[in-house]
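This report describes selected strands, helices and loop residues of one protein model. The structure is shown first, and the description follows it.

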Amino acid sequence: MTEKFYSNGKLLITGEYGVLDGALSLAIPSKYGQSLNITSNSSNKLTWTSIDNKNEIWFEGIFDLNTLKEKTATDKNTATTLSKMLHEARKLNTGFFTKSTGFNVITKLDFPRDWGLGSSSTLLNNIAEWANINPYTLLWNSFSGSGYDIACAKHNKPITYLVKDNTPTIKEINFNPSFKNDIFFIHLNKKQNSREGIANYRKADFNKNDFISKLTTLTQEFIICNDLEKFKELISLHEILVSSVIKQLPVKELLFPDYNGAIKSLGAWGGDFIMAVGNENTPKYFKTKGYTTILSYKEMLL
């Protein structure tokens, strides 16, 4: 018997950091995601193979079907993380793994692992689907985070996301700006550790209620905005607000002060993708700066 699952990647357009504390945020599923294929067998073990977007194997492991601990693995840290996910999934569904005496599992990414589109969240959501459990509970029992990436994994349209007391509120919305041809996503050639960013945010001293309120208002304005210049203004306001809390320079000021447009960090500041709003010359600008991964709105998002 073979089972197949697929989850979308994600980009957090507004509300970074504040989404952890109840700010209304805008998130959009990406056209890139991750699949999970499971085949039952009688091997008495769980054999795991992870394949990247170039069809190359980046992780292999064999796990004990009872303890879910690795017997062999090409990467210890990946094996430990995977074992923890599977262990928590079985705690939430004690019948998980009882229908077979062995499994071959193959995961396949649509995007490079360093893009930061959710290689972990898409995997976690696929495992939750396989185990027939609540993916948000699996997330919070295994790791941490707001859960917006799990919401994107499960939806095929832009969403607003708000979480309070570990209860997410998700609404699909019609976010389709008339100027989306002027929106581009540029990879900064490095991956940001979101857990480090979250830890620094948690240490910051600021008025949390005021921050959350302002982020929520900005998100609402982003959603209804259909004027390019106003959209750029909202980006600048959002960057200034987050900068004031995490005490980091906005990415435009830090790396692209001569860019004639607006630039916004997405998710944890310092790496992965940024959103640049400009015109048809925007891709050329970033190429001259040495950034080669430049995707249009239509190429990146559902």
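## A strand covered on both faces

In this predicted model, strand β11 is mostly covered, five of its five residues being buried. The burial concerns both faces of β11, with Phe 273, Met 275 and Val 277 on one side and Ile 274 and Ala 276 on the other. In a regular strand the side chains alternate between the two faces of the sheet.

Two partner strands can be described for β11 through their bridges. Strand β9, residues 183-187, is joined to β11, residues 273-277, by five bridges, and the two run antiparallel; within this pairing, Phe 184 has Ala 276 of β11 as its bridge partner. Strand β10 is joined to β11 by four bridges, again in antiparallel fashion, and here Ala 262 stands opposite Val 277 of β11.

## Strand β6 and its two partners

Strand β6, residues 103-109, presents a covered face made up of Phe 103, Val 105, Thr 107 and Leu 109, whereas Asn 104, Ile 106 and Lys 108 form its uncovered face. How many bridges join β2 to β6, and in which direction do the two strands run? There are seven bridges between β2 and β6, and the strands run antiparallel; in this pairing, Lys 108 of β6 is the bridge partner of Ser 35.

Strand β3, residues 45-51, runs parallel to β6 and is joined to it by six bridges.

## The contact of helices α2 and α3

Helix α2 (residues 119-131) and helix α3 (residues 135-142) have axes that come within 9 Å and cross at roughly 120°, which means that α2 is oblique to α3. The crossing of α2 and α3 is right-handed.

On the α2 side the contact is made by Leu 124, Asn 125, Ile 127 and Ala 128, and on the α3 side by Pro 135, Leu 138 and Leu 139. Sorted by class, the residues in the contact of α2 with α3 comprise six nonpolar and one polar, with no charged residue.

## Two loop residues with positive phi

Tyr 17, placed in the loop between β1 (2-12) and β2 (25-40), has a phi near 70°, which is a positive value in a residue other than glycine. Asp 165, in the loop between β7 (159-164) and β8 (167-172), likewise has a positive phi, of about 55°, although it is not a glycine.

Is each of these residues buried or exposed? Tyr 17 has a relative accessible area of 6% and is therefore buried, whereas Asp 165, with a relative accessible area of 73%, is exposed.

Definitions and conventions
Residues are numbered from 1 along each chain as its sequence is written. This is a predicted model: local features need pLDDT of at least 70, side-chain atom pairs count only at pLDDT 80 or more; totals for chains, interfaces and linings use all residues. Side-chain values use heavy atoms; hydrogens and water are left out. Two strands pair if DSSP finds at least two bridges between them. Axes are lines fitted to C-alpha atoms, for helices over the stretch in contact, and angles run from 0 to 180 degrees between N-to-C directions. Angles under 35 degrees count as roughly parallel, over 145 as roughly antiparallel, 65 to 115 as roughly perpendicular and the rest as oblique. A crossing is left-handed if the near helix is turned anticlockwise from the far one by less than a right angle, and right-handed if clockwise. Contact means heavy atoms within 4.5 Å. Ala, Val, Leu, Ile, Met, Phe, Trp, Tyr, Cys and Pro count as nonpolar, Asp, Glu, Lys and Arg as charged, and the others, Gly among them, as polar. Buried means under 20% relative accessible area, exposed over 50%, partly exposed in between (1.4 Å probe, protein chains only).
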